[in-house]
Amino acid sequence: MPTPATLDALLVEERVFRPAPATVIEANVKPADLAEAYRLAEADPLAFWEKAALELEWHRKWDAVLDASNAPFHRWFPGARGNIVHNALDRHVHIWTKNKLALIWEGEAGDCRKFTYFELYREVNRLACALRALGVSRGDRVCLYLPPIPETVVAMLAAAKVGAVHVFVFAGYSAKFLRERLSDSRAKVLVTADGFYRGGRCINLKAVVDEALDGVAGDAAETVVVVRRTGADIDMREPRDLYYHDLLRQESPEAATEIMEAGDPLFWLPTSGTTGRPKSIVHGHGGYMVGAHHTFRTVFDIKPTDIHFCTADPGWITGHTYGVFGPLLTGASVFLYEGHPLYPQADRLPSIIERYGATIFYTTPTLIRMLMRYGPQYPKKRDLSTLRLLGSVGETLSPEAWMWFYKHIGRSNCPVLDTWWQTETGMAMLSPMPISVLKPGSVGKALPGVAAAVVDGQGHSVPPGQGGFLVLKTPWPGMLTGLAGDEAGYKEAYWDKIPGVYFAGDVARRDEDGYFWIQGRADDVLNIAGHRLGTAEIEAALCAHRFVAEAAVIGVPDKIKGEVAKAFVVADPAWVSALPDADALASQLREHVRRELGPIAVIRAVELRQSLPRTRSGKILRRVLKAEELGEPVPPLSGEEA
Ligand code: WTA
């Protein structure tokens, strides 16, 4: 990573990139607008966000922009009423966007489906009517366990339309994970699919659902709506299981949109923290909508002619904010792909860009590193000249990967926006703008209206260039409204670590120009291929295996995935004599964790130990294991740890 330097010094070294004149001329936010945005946001942040809220339609305006009287339970736009679906869908059928493509989708086999805003509206309304007929109403939870297919977008919007809260469980999560989220949320209805295609295989998703529903809490998932995607032979249990298409056939394409309070929940997304259980991040209708719309319009600089290709699955926050809601709120055309990014070969993503004429490509460092591994000949074979903007999210994009992305995908012609944000923030917080001077490896400055800082453990700002904790000093509209069913956990995880500020859990530094450089997590959360996984969750999964008495998990660097897990386990004394050999044990435990958590929990190695290093109070000293593993000096124990 470059040492902190001023812009001028970096320019001399040609490590910064100035925007092309055409980018500046065509930008939605020109340099003078950006300067004015920073000025207003600094002078009066609430006036700044109010202006952003006024770009959208509301059923009733707010009594105040922000109610901070019960901090940290901030309420954005109290008194305001509306529904995100009104802005993302309903209003488009009355304006010129009505017959514009909202969604273009390609299946892994190359099959393609397209929906104009009007067609998407009709489909969403049909599902909304069907959900109502199934007894779903305002405030009820609807669980979505769906792959990246058009019906996923339809289900997200239909649930929101009837005022229900969608609880999205990424289709790569395990049966156990799904069962727990269904039980936690008491979702009335589960919307899923028979399966999907990935990497040339037909994945039977319904079989996972059937396993999850075995033993689910009482009244959860009384009805299961199944989208027929693959046509595979699946078990349909009557009267619980209904086919989506049968259900919709009888329904009307007109449904009323429920009028919600701004703070009413829109969705829950589970994500990992430092405890053994995932937490469910809650986002609401009003603030989230303002954050998603404003940042998508300004940062992604969206134009009526754009085709926005976001590689993130809608089951993650990136897919929510910049794959579905942000684009639809701005009337953009969004592209969704079902399958594996390298299937049938390494030019699949460049081929999609070429064939659909994508103009924006928003992806992850893991995918960029995968493309790098296969070499520039793949993108070179394709015409990528429609691209005008590149984006990255989820992990640190090294200067080397940044340069490769810029050169071989962007043809040295597109700004690369490395955006930093989280499931919790709901919207991009640190990011260059298309007109910014770009520094490879940096996530740029805090966006206007975002008060980010790098501080020490007491909350004091550290000097430029010095590492510290990344915090957000003031609330922002896209922020989580809380953790489902866990008020104390919300306060403790985000607001009590350093009193008065939001603790992001990342380590960063800010240089003399105000550019941020993300250095990794400050807590025991791994980032495996851009997916967050708490070491405690993997440890809990390992300990659920009969051979394991204790387990500790650390992250170790990986060339493609950024980081993968390594597990240290102490065998259960009752089983010591019956343990298989080391390789067989490792593969059994790997398979077990995969079943417990899903394929995103990648364990590279398993090491059997007699004991684990612990503090006096019994906490596992993962950093000691990590230092040993990486051959680094073992850090001295702090007073508390000794
Ligand atoms: C990491 C994804 C470096 C970070 C939107 C954060 C990043 C976590 C970046 C959130 C980036 C996200 N550079 N690291 N541009 N963006 N991260 O909730 O550690 O899946 O806290 O949200 O990913 O991951 P999440």
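The following legends describe close-up views of a predicted model. Residues are numbered from 1 along each chain as its sequence is written, and side-chain values rest on heavy atoms, with hydrogens and water left out. Because this is a predicted model, local features need pLDDT of at least 70 and side-chain atom pairs count only at pLDDT 80 or more, whereas totals for chains, interfaces and linings use all residues.

View 1. The ligand is surrounded by 18 residues, a residue being near a molecule if one of its heavy atoms lies within 4 Å of it; the closest are D418, T419, T423, R521 and R532. By class, this shell holds six nonpolar, seven polar and five charged residues, where Ala, Val, Leu, Ile, Met, Phe, Trp, Tyr, Cys and Pro count as nonpolar, Asp, Glu, Lys and Arg as charged, and the others, Gly among them, as polar. At least two residues of the shell come from each of α12 (317–329), β20 (416–419) and β25 (516–521); helices (H or I, at least four residues) and strands (E, at least two) are DSSP runs, numbered from the N terminus.

**View 2. Polar atoms facing the ligand.** An oxygen atom of the ligand lies 2.9 Å from a polar side-chain atom of Q422, and a polar side-chain atom of D506 is likewise 2.9 Å from an oxygen atom of the ligand. On the backbone side, a polar atom of E395 is 3.1 Å from a nitrogen atom of the ligand. The ligand taken alone exposes 530 Å², of which the protein buries 95%; accessible areas come from the Shrake-Rupley method with a 1.4 Å probe, and for residues only the protein chains shown count as cover.

View 3. The side chain of D306 makes a polar contact of 2.6 Å with that of T359 and another, of 2.7 Å, with that of R388. A polar contact is a pair of N or O atoms within 3.5 Å; within protein, one must be able to donate a hydrogen and the other to accept it, and residues adjacent in sequence count only if both atoms are side-chain atoms. Apart from neighbours within four places in sequence, D306 is in contact (heavy atoms within 4.5 Å) with D301, S333, T359, I360 and R388. D301 is found in the loop between α11 and β16, has a phi near 55 degrees, a positive value in a residue other than glycine, and is buried at a relative accessible area of 2%.

View 4. Strand β6 (residues 141–145) runs parallel to β7 (residues 165–168), joined by four bridges, with V142 opposite H166. Four bridges in the parallel sense also link β6 and β8, and here L144 stands opposite V191. On β8 (residues 189–193), five of the five residues are buried: V189, V191 and A193 on one side, and L190 and T192 on the other.

**View 5. L480 in the loop between β22 and β23.** L480, placed in the loop between β22 (467–472) and β23, is buried, with a relative accessible area of 1%. Although L480 and E424 are 56 residues apart in sequence, their C-alpha atoms are 5.1 Å apart in space. Leaving aside neighbours within four places in sequence, the residues in contact with L480 include I281, V282, H283 and E424, together with Y490, Y494 and Y502.

**View 6. Two cis peptide bonds.** Another runs from Y343 to P344, with omega near -5 degrees, where P344 belongs to the loop between β17 (333–337) and α13 (348–356).

Notes
Two strands pair if DSSP finds at least two bridges between them. Buried means under 20% relative accessible area, exposed over 50%, partly exposed in between (1.4 Å probe, protein chains only).
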